[in-house]
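Where does a protein leave open space at its surface, and what lines that space? The following paragraphs take up these topics.

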Amino acid sequence: MKRIGVLTSGGDAPGMNAAIRAVTRTALYKGMEVVGIRRGYNGLLNLDVFDMNARSVSSIIQRGGTLLFTARCLEFKEEAGVLKAVENCHKLGIEGLVVIGGDGSYRGAGDLSRHGIPCIGLPGTIDNDISSTDFTIGYDTAMNTVVELVDKLRDTSHSHDRCSVVEVMGRGAGYIAVNTAVACGAVEVLCPEKPYDLNEIITKMQEGRKLGKQNFIIVVAEGIGHSAEIAKKIEQETGIESRATILGHVQRGGSPTVRDRVLASQMGNYAVNLLEQGIGNRVVGVRGNKLVDYDIQEALQMKKPFDDDLYDLTKIISI
Ligand code: ADP
Ligand code: F6P
């Protein structure tokens, strides 16, 4: 393979730039040409592309967001869109493609592979909701951002003897919520994987207050939502002043952590090694401490286990 493309797709995640850099530099090292494709699959459909060199990825390893921009491209979900993208790959001389995104982006990469453009998917999302990898690029940074912000909330919450209900991202998954709940010393975590009973939480808070507990942090995954109503009900039932904070998109920004930079660099390099061998229709993941790759369709069928012990830990050590 002599000429490959790279794109980012779906929600951006810190570390995507480090992955783009690793793909580009590895490919150049191997004597391949690299085409940067802007705004996800849109760039393939609109021919919004540029040739990359080593300097195209200078000084981006430390930056959040994505140099290539990202988008959700509805046209590409249709067969006609995929066929147009394949035709444009031929036109541009793109023989293989690295797609950095979530499982929606993986489906698109599978479609292109089936039509003769070998693609490698890299897991880029803060949600960590990709079953074929233990960790996604961006997840660690997002969790560190949450912890930093919740620590700040705790300062004010503690001073006012209040309860902070904090809503964190994660789409339909509670990985960010459960991990940050433990890391922030939350009293409870509400996430889509587990049923919850607000009355039980209220009783627990009342008991905690009797034991002298001054402030309470409750982490709510966005898949549960309703943080404002939850805070209101807690205040009504316990008399403890409560405030809801939705952290929102700030969780997607910022300089990637060491862990995300290293993971993204390793995965970007691994993807190009696969393409170099003419291998496509694969996604890269990390299992334990080792990089692995799977068939895309097989990866999309996998189920990610939920850490029940970590979930229980919040309850055990919070009062
Ligand atoms: P993510 O990759 O983060 O899960 P999306 O689900 O929005 O984000 O997917 C990103 C893009 O991948 C979509 O805008 C679309 O272009 C492409 N895509 C998503 N689902 C499919 C699908 N079923 N078939 C083909 N392409 C898809
Ligand atoms: O997938 C990343 C993510 O930030 C989710 O946590 C969230 O549900 C979604 O994207 C938000 O998407 P948008 O940027 O379209 O509001």
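The residues lining the largest pocket comprise 7 nonpolar, 10 polar and 11 charged; here Ala, Val, Leu, Ile, Met, Phe, Trp, Tyr, Cys and Pro are nonpolar, Asp, Glu, Lys and Arg are charged, and the others, Gly among them, are polar. This is a predicted model, in which local features need pLDDT of at least 70 and side-chain atom pairs count only at pLDDT 80 or more, while totals for chains, interfaces and linings use all residues. Residues are numbered from 1 along each chain as its sequence is written, and side-chain values use heavy atoms, with hydrogens and water left out.

A pocket is an open set of points on a 1 Å grid over the protein atoms alone, where a 1.4 Å probe fits and protein lies on both sides within 12 Å along at least five of seven lines; lining residues have an atom within 4 Å of a point. Because domain 1 (3-138 + 256-301) and domain 2 (139-253) both give residues to the lining, the largest pocket lies between them.

The second largest pocket holds about 260 Å³ of space. Asn128, Tyr175, Lys304, Pro305 and Asp307 are the closest to its centre among 13 lining residues.

Technical notes:
Chains lettered and ligands numbered in written order. Domains from an automatic or database assignment. Points joined across faces, edges and corners; volume = space filled by probe spheres on them.
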